[in-house]
Amino acid sequence: MKRLFQGLVILLAIGALVQAVVAFNSNEAQAIDRHEPGV
Amino acid sequence: MSTELTMNKPRSDLSGRGGAAVMFIFAGIAGYRFAVGFQIFFLLLILRDLAAAYFLFTRAPSVSGPGPLHERLLAYVSSALPLIYFSPIESTPAALLMGASLLSIIGFCVSTVALFEISHSFGVAPASRPTVKSGIYRFVRHPMYLGYVIAEVAILMVNPLNFLIFGASVSLYFWRGKIENSVHRLE
């Protein structure tokens, strides 16, 4: 049971990491589309 | 296992019950923040806070009773200190914010994995509970503090004004680790 929850924790962390990177990339892409200075 | 063995006594472990209530409230706050932004990170926080509440509610009683008052007070101060960190400064570059997010997630992941490993031995104040040397504890002596420090480095990255709080917080983690080591050596 303990290992199951630890696995869930690691899966959630991987999901959160991927979500953070995807959100960053999508914000950067939008900034480039808008031709914001400094991007 | 009988209820008698797994549930702590309300009168003999008020701090456990109180801590469980606080963690339950934190889980509610994390739930609200997840509902607002659908960030998976908050699901991780909900899981951690609910698990901490459950383990505090059902933890093993301290063999040696409560430790000295100053040790308990400093441990609670150390636990509450991260709540007063300043928010990220507005001019923080997006890449730095993302790096800080990744560090936070890794830090909370490490401390939550450790929490499930330590389970019913979990507590805020140093106390003599069954020692855990399995899982992540085979590699790191205080993985929960390591996780907190990683997450707090992220907070420092996005607002350098936090360095005083960070210094105090890390010092207190070292002190708590040292006290816990000495408690377990006496077992």
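Reader: Leaving aside its neighbours within four places in sequence, which residues is B:Asn181 in contact with?

Author: With those neighbours left aside, B:Asn181 is in contact with B:Arg141 and B:His142, where contact means heavy atoms within 4.5 Å. B:Asn181 belongs to helix H7 (residues 163-185) of chain B; helices (H or I, at least four residues) and strands (E, at least two) are DSSP runs, numbered from the N terminus. This is a predicted model, in which local features need pLDDT of at least 70 and side-chain atom pairs count only at pLDDT 80 or more, while totals for chains, interfaces and linings use all residues, and side-chain values use heavy atoms, with hydrogens and water left out. Residues are numbered from 1 along each chain as its sequence is written, and chains are lettered from A and ligands numbered from 1 in the order in which they are written.

Reader: Why does B:Asn181 count as buried?

Author: Buried means under 20% relative accessible area, exposed over 50%, and partly exposed in between (1.4 Å probe, protein chains only). The relative accessibility of B:Asn181 is 17%, and B:Asn181 therefore counts as buried.

Reader: What makes B:Asn162 count as buried, and where is B:Asn162 found?

Author: B:Asn162 has 0% relative accessibility and so counts as buried, although its place is in the loop between helix H6 (143-158) and H7 of chain B. Apart from its neighbours within four places in sequence, B:Asn162 is in contact with B:Tyr85, B:Phe86, B:Ile155 and B:Leu156. A polar atom of the B:Asn162 side chain lies 3.4 Å from the backbone oxygen of B:Ile155, a distance to be set against the rule for a polar contact (a pair of N or O atoms within 3.5 Å; within protein, one must be able to donate a hydrogen and the other to accept it, and residues adjacent in sequence count only if both atoms are side-chain atoms).

Reader: Is B:Phe38 called buried or exposed, and why?

Author: The relative accessible area of B:Phe38 is 56%, and for that reason B:Phe38 is called exposed. B:Phe38 is in the loop between helix H2 (14-37) and H3 of chain B, and its phi is near 50 degrees, a positive value in a residue other than glycine. Phi of B:Ser119 is also positive, near 35 degrees, in the loop between H5 and H6 of chain B; with a relative accessible area of 17%, B:Ser119 is buried.

Reader: How many residues of chain B are in contact with chain A, and which elements of chain B give two or more residues to the side that touches chain A?

Author: Chain B places 21 residues in contact with 17 residues of chain A. The elements that give two or more residues to that side are helix H3 (40-58) and helix H5 (94-118) of chain B, and H5(B) supplies the largest share, 12 residues.

Reader: What makes the pair of B:Glu117 and A:Arg3 a salt bridge?

Author: A salt bridge is a side-chain nitrogen of Lys or Arg within 4 Å of a carboxyl oxygen of Asp or Glu. For B:Glu117 and A:Arg3 the closest N and O atoms are 2.7 Å apart, and across the interface of chain B and chain A the rule finds two salt bridges.

Reader: Why is the pair of A:Phe5 and B:Phe116 called stacked?

Author: A pair of aromatic rings is described by the distance of the centres and the angle of the planes. Rings of Phe, Tyr and Trp (its six-membered ring) pair if their centres lie within 6.5 Å, and planes under 30 degrees apart count as stacked, over 60 as edge-to-face and the rest as tilted. By this rule there are nine aromatic pairs over all chains. In A:Phe5 and B:Phe116 the ring centres are 5.1 Å apart and the planes lie at 5 degrees, so the pair is stacked. A:Phe5 lies in helix H1 (residues 2-33) of chain A and B:Phe116 in helix H5 of chain B, so the pair joins two chains.

Reader: How do you know that A:Phe5 is partly exposed, and why does B:Phe116 count as buried?

Author: A:Phe5 has a relative accessible area of 28% and is therefore partly exposed, whereas B:Phe116, at 6% relative accessibility, counts as buried.

Reader: Why is the pair of B:Phe55 and B:Phe116 called edge-to-face?

Author: The ring centres of B:Phe55 and B:Phe116 are 5.9 Å apart and their planes at 85 degrees, so the pair is edge-to-face. B:Phe55 lies in helix H3 and B:Phe116 in helix H5 of chain B, so the pair ties together parts that are 61 residues apart in sequence. A:Phe5, B:Tyr54, B:Phe55 and B:Phe116 form one aromatic cluster.
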